[in-house]
Amino acid sequence: MTTNYEFEPLPESAIVYRALLRRQWIDEANNLVVSSAYLLRPNEPGLSVTIASVCSPEQCAAKFQNCYGVASIQVGQIRELGLDAIPDSDSHAQIVGLP
């Protein structure tokens with residue numbers, strides 16, 4: 001597991017937001033986020049997420065020119081999958097351990 005000691009680890013109860021930057025990442029008929037929204041792109045260290053305690057969903061979406069929604073994920077649920085959310089700034093983290 002990658003660890004960045006500059007920032008405190010996120011507690012299990014912390015919430016992170018994933019900005020949904022592609023329309024096809026949302027199944028509008030069922031109001032669900034599709035799995036492709038969580039695929040790691042080549043050459044990226046982890047999946048980018050915003051830490052909810054310092055940013056609202058609206059603020060998260062406003063950071064991008066095109067944002068079709070914001071998904072929330074509890075850090076404990078991420079860890080249950082064998083992954084982790086490692087903060088790399090006061091407001092941002094990377095989900096690491098993805099294949």
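Okay, let's start with one side chain: a polar atom at the end of glutamine 94 sits 3.3 Å from the backbone nitrogen of glycine 46. I'm calling that a polar contact, meaning a pair of N or O atoms within 3.5 Å, where within protein one must be able to donate a hydrogen and the other to accept it, and residues adjacent in sequence count only if both atoms are side-chain atoms.

Quick caveat before I go on. This is a predicted model, where local features need pLDDT of at least 70 and side-chain atom pairs count only at pLDDT 80 or more, while totals for chains, interfaces and linings use all residues. Residues are numbered from 1 along each chain as its sequence is written, and side-chain values use heavy atoms, with hydrogens and water left out.

Back to glutamine 94. Its side chain also makes a polar contact of 3.3 Å with the side chain of aspartate 88. So is this glutamine buried or exposed? Glutamine 94 counts as buried because its relative accessibility is 14%; buried is under 20% relative accessible area, exposed is over 50%, and partly exposed is in between, with a 1.4 Å probe and protein chains only. If you skip neighbours within four places in sequence, the residues in contact with glutamine 94 (heavy atoms within 4.5 Å) include Pro45, Leu47, Val49 and Ile86.

Helices here (H or I, at least four residues) and strands (E, at least two) are DSSP runs, numbered from the N terminus. Five of the five residues in strand 7 are buried: His92, Gln94 and Val96 on one side, Ala93 and Ile95 on the other.

Now the partners of strand 7. Two strands pair if DSSP finds at least two bridges between them. Strand 4 pairs with strand 7 in the antiparallel sense, over four bridges, and serine 48 has glutamine 94 as its bridge partner.

On to the packing. A nonpolar core is a set of buried Ala, Val, Leu, Ile, Met, Phe, Trp, Tyr and Cys residues joined through side-chain atoms within 4.5 Å. The largest one has 13 residues, and Ile95 is among those with the most contacts inside it, along with Leu10, Val16, Val75 and Ile78. Strand 4, helix 2 and strand 7 each supply at least two of its residues, and strand 4 gives the most, with three.
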